[in-house]
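The entries below follow the order in which I looked.

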Amino acid sequence: MGNQSETHYPLVKEATDAERIGMVKDIFKTIIPRYDFLNHFLSFRRDIAWRRLAVRRMRFLRTNRFLDVACGTGDLGIEAATHYSPISVVGLDFVKEMTDAAARKTQAKGLSSRIVFVNGDATALPFPDNNFDVAGIAFGIRNIPDRMRALREMMRVIVPGGQVMVLEITPPRGAIVKGLYHFYLNRILPRLARAFTSNPSAYIYLADSVMNFPSPEKFKTLMEEAGLTAVKKRALTLGVTYLHIGIKPGL
Ligand SMILES: C[S@@+](CC[C@H](N)C(=O)[O-])C[C@H]1O[C@@H](n2cnc3c(N)ncnc32)[C@H](O)[C@@H]1O
């Protein structure tokens, strides 16, 4: 028998931007207790390796500050602070329950003196210009309808020569991998999510949002249109995820 109280969200293609933002807030508020576990489990722990690889590409030259946009439970910022001991990190997310969980995790790891969390919107960052060496967003930009605005904001707050990094899941190409991936996202993942979470629709939204994310080529062009230069994209794990890096001009 189905769960009568299960939430249902509209499809990404059919929702207005305002509806999508409301859905995203609702979804991330409700999945926190199992969020880290499911991220690791559903990606076969690849998410940890992907964030680690992004962190290894960061360059801290002037401010020694990293901004983790749409930080969720803080894993990208925690990885950066652990790897680069002199840096300080600001994690930003518009869901307070997420940053509360991130702050608890940071405290447990003894990193509270170097990582702070703020609640705010990725499309209107509450920071002055030229304030960080690197601004990164891991698995967040897919959830932001106005991606161009988010990219421009990340670029604004980093120093000239600084990096904007985007880690995001993309629908892979190639008939076989694509077929397997669609099968996993549409058939396996919702069942697993139903077994493990009180809001399985959140993981159906996840599959839908991945399907509706632009190709790596289109996303690279978007980063260039935002004004970033030397934009590079790197396929990870058969192209399931891409790491995009662009540089703010004007050094
Ligand atoms: C899939 S989670 C990713 C969390 C984390 N970066 C990670 O690597 O696990 C996406 C996060 O983006 C946040 N988010 C989505 N849109 C946002 C926006 N416009 N401003 C701030 N946070 C946003 C959500 O609240 C959620 O915590």
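I worked from a predicted model. My search of the whole structure for cavities of 30 Å³ or more found one. I read the space in the largest cavity as about 30 Å³. I then listed its lining, which consists of Ala54, Leu76, Gly136, Ile137, Ala138, Met165, Val166, Leu167 and Leu243. I noted that β4 (132-138) and β5 (158-169) are the elements that give two or more residues to this lining. Sorted by class, I have eight nonpolar residues, one polar and no charged ones around the largest cavity.

I turned to the second largest pocket and noted a volume of about 210 Å³. Ten was the number I had for its lining, written as 10 residues, and the closest to the pocket centre are Ile48, Asp75, Ile78, Glu79 and Lys109. I looked up which elements give two or more residues to this lining and found α3 (46-56) and α4 (75-83). The largest share, four residues, comes from α4. By class I recorded two nonpolar, two polar and six charged residues in the lining of the second largest pocket.

I found an angle of about 50 degrees between α3 and α4, with the axes 9 Å apart. The two helices are therefore oblique to each other. I noted the crossing of α3 and α4 as right-handed. On the α3 side, the contact is made by Arg51, Arg52, Val55 and Arg56, and on the α4 side by Asp75, Leu76, Glu79, Ala80 and His83. I counted the classes in this contact as three nonpolar, one polar and five charged. Cross-checking, I saw that Asp75 and Glu79 of this contact are also among the residues closest to the centre of the second largest pocket. Leu76 of the contact is listed in the lining of the largest cavity.

I looked up helix α7 (residues 175-196) and helix α8 (residues 201-211), whose axes come within 8 Å and cross at roughly 160 degrees. With over 145 degrees counting as roughly antiparallel, α7 and α8 are therefore roughly antiparallel to each other. I recorded a right-handed crossing where α7 passes α8. From α7, I listed Tyr181, His182, Leu185, Asn186, Leu189, Pro190, Ala193 and Arg194 in the contact; from α8, I listed Tyr203, Ile204, Leu206, Ala207, Val210 and Met211. The class tally for α7 with α8 is 11 nonpolar, two polar and one charged.

Technical notes: Residues numbered from 1 in each chain as written. Predicted model: local features only at pLDDT ≥ 70, side-chain atom pairs only at ≥ 80, totals over all residues. Heavy atoms only, no water. Axes fitted to C-alpha atoms, helices over the stretch in contact; angles between N-to-C directions. Parallel < 35°, antiparallel > 145°, perpendicular 65-115°, else oblique. Left-handed = near helix turned anticlockwise from the far one by under 90°. Contact = heavy atoms within 4.5 Å. Nonpolar A, V, L, I, M, F, W, Y, C, P; charged D, E, K, R; others polar. 1 Å grid on protein atoms, 1.4 Å probe; cavity = no way out; pocket = protein on both sides within 12 Å on 5 of 7 lines; lining within 4 Å. Points joined across faces, edges and corners; volume = space filled by probe spheres on them.
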